[in-house]
Amino acid sequence: SASRPAWEGYLRGADPEQGKQLAAAGKPAAGVQACVACHGQAGITPSGGIFPNLAGLTAEYIAKQLADFRQGTRKQPLMNTIAQGLSEQEIGQLAAYYGSLAGPPLHVGEAGGEAARKLDQVGDGTRALPACANCHGLRGLGEGPLLPRLAGQSKEYFADQINAFRNGSRQNDDVGVMRAFAQRLTDSEVEALGQYYAGTR
């Protein structure tokens, strides 16, 4: 049988209430600050910026990202330090907690213009760019446990991650698909898509 990723085991029996407490208090002795300091109360960042909303993401996606930060296969110095200070059980608890929360209010598609709408719904076959919706769901609402919801993320966070895929500083995408797609987007398309998914008006 195919081997299963280790993070799946972190979620077995994970208590979201324990995750909620850990998110609020952190583990100062282990260098783990409270998650709410950057990700906001109930997983919605108050001012956008480059910190992602965790509410609305699946427990599986969050567990995988924390495991990747812990192992160094996804690099971001603060998150690498935090994830290395968490036990496997604690990663599961945090993922279960944030995975239980509803995402931010949505205004997807109200900004970004026709170019962003087309990339979301149709893609661009001439550049081998499939519709974003094929993997991330129509209007970025998410598709399956490991294909994250884009809807409601800030335009700054969206652009930061696309640029990380572009320059290779983020490499934990499945078989490099996001790195390839990000290379084919123009700067103006990245900005438009960020506005589209954020609902920035």
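Residues are numbered from 1 along each chain as its sequence is written, and side-chain values use heavy atoms, with hydrogens and water left out. Because the model is predicted, local features need pLDDT of at least 70 and side-chain atom pairs count only at pLDDT 80 or more, while totals for chains, interfaces and linings use all residues.

Helix α4 (residues 59-71) and helix α5 (residues 77-84) have axes that come within 7 Å and cross at roughly 95 degrees; helices here are DSSP runs of H or I of at least four residues, numbered from the N terminus, and axes are lines fitted to C-alpha atoms over the stretch in contact, with angles running from 0 to 180 degrees between N-to-C directions. The two helices, α4 and α5, are therefore roughly perpendicular to each other, a term that covers angles of 65 to 115 degrees. On the α4 side L66, F69 and R70 take part, and they meet M79, N80, A83 and Q84 in α5, where contact means heavy atoms within 4.5 Å. By class, this contact of α4 with α5 has 4 nonpolar, 2 polar and 1 charged residues, with Ala, Val, Leu, Ile, Met, Phe, Trp, Tyr, Cys and Pro counted as nonpolar, Asp, Glu, Lys and Arg as charged, and the others, Gly among them, as polar.

Helix α4 also holds D68, which counts as buried at 7% relative accessibility, the limit for buried being under 20% relative accessible area with a 1.4 Å probe and protein chains only. Residues up to four places away in sequence not counted, D68 touches T73, R74 and N172.

H136 belongs to helix α8 (residues 133-136) and is buried, with a relative accessible area of 11%; leaving out residues up to four places away in sequence, H136 touches L141, G142, E143, L147, P148, L150 and M178. Y197, in helix α11 (residues 187-198), is likewise buried, with a relative accessible area of 1%. Beyond its neighbours within four places in sequence, Y197 is in contact with residues including V108, D120, C132, R139, L150 and F158.

The second largest pocket holds about 270 Å³ of space, the volume being that filled by probe spheres set on grid points joined across faces, edges and corners. Of the 17 residues that line this pocket, G48, N53, G152, S154 and A198 are the closest to its centre; a pocket is an open set of points on a 1 Å grid over the protein atoms alone, where a 1.4 Å probe fits, with protein on both sides within 12 Å along at least five of seven lines, and lining residues have an atom within 4 Å of a point. By class, the lining has 6 nonpolar, 9 polar and 2 charged residues.

How values were computed. Parallel < 35°, antiparallel > 145°, perpendicular 65-115°, else oblique. Buried < 20%, exposed > 50% of the residue type's maximum accessible area, 1.4 Å probe, protein only.
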